[in-house]
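Notebook open, viewer loaded. I want to follow the sheet first, then the helices and the core.

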Amino acid sequence: ARRWTVTDGNEPKADDIVPLARWLELKASGVDVSAIGASIDSDANPAVLRPYLGELSVIALRFPAWKDGRAYSQARKLRYLWGFKGVLLAHGDVLRDQLLWMSRVGFDAFHMRDDQDVSASLRAFALYTSFYQYS
C-alpha cells in the first residue's frame, strides 16, 4: 500500500501531499506533480480542484475536529458528482467510528489520529452488511 505524507510543501517529494496553492506553484514552475497530491481544508470550496482532477493522484481532505462533517460533503462531490478517480485521503481528527461512513462518501485512504488502534479500526468495515441510505 502506498503511504502518503501530508506536508507544508517546502521541499516536496514523491508521495507527499501539499496545500493546493503550493501544488499549483509547483505545477506552474514545471515540476512533475504526478506523484504529489494536494490538500484542502474543510472550509474550502472543493470546486477549486475541479480543473485538476485528471492530474491529481491523491487529494487530502482535513477533518479539523471529528464533529466537523464538511469534508464528507467535499468527498461526495469530488468522487460522485465530479468523478475523481484518484485516492481521497481523510486526515486530521479521524476516528475508528467514522471510517465506514467516510468510505461510503468516497474516501479510500485514512490517516488515523495517533490514539486510534489501527487493527480495531479496520474491523469497522465489517460492522454492517447493508444500509438503508441511498448509495
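Strands and helices here are DSSP runs, strands (E) of at least two residues and helices (H or I) of at least four, numbered from the N terminus.

Ground rules, before going on. This is a predicted model, where local features need pLDDT of at least 70 and side-chain atom pairs count only at pLDDT 80 or more, while totals for chains, interfaces and linings use all residues. Residues are numbered from 1 along each chain as its sequence is written, and side-chain values use heavy atoms, with hydrogens and water left out.

**Sheet.** On one side, E3 (residues 37–40) pairs with E4 in the parallel sense over 3 bridges; two strands count as paired if DSSP finds at least two bridges between them. On the E5 side (residues 87–92), 6 bridges join that strand to E4, again parallel. Leu61 has Ala90 as its bridge partner in E5. Going from E4 through H2 to E5, the chain makes a right-handed β-α-β crossover (clockwise from the first strand over the helix to the second, with the strands pointing away from the viewer).

Then I took the whole sheet: it is open, has 6 strands in the order E1-E2-E3-E4-E5-E6, and pairs in parallel. E1 (5–6) and E6 (109–110) are the edge strands, each pairing on one side only.

**Core.** I checked the largest nonpolar core, which has 26 residues; Trp23, Leu49, Ile59 and Leu61 are among those with the most contacts inside it. Such a core is a set of buried Ala, Val, Leu, Ile, Met, Phe, Trp, Tyr and Cys residues joined through side-chain atoms within 4.5 Å. H1 (20–28), E3, E4, H2, E5 and H3 (99–104) each give two or more residues to this core. A second, separate core of 6 residues includes Ile17, Val58, Leu89 and Ala109.

Next, Leu49: beyond its neighbours within four places in sequence, Leu49 is in contact (heavy atoms within 4.5 Å) with Leu20, Ile40, Leu56, Ile59 and Leu78.

**Arg70.** Last stop, in H2 (residues 70–81). Why did I log Arg70 as partly exposed? Because its relative accessibility is 41%. Arg70 touches Ser42, Asp43 and Pro64, leaving out residues up to four places away in sequence.

Terms used:
Buried means under 20% relative accessible area, exposed over 50%, partly exposed in between (1.4 Å probe, protein chains only).
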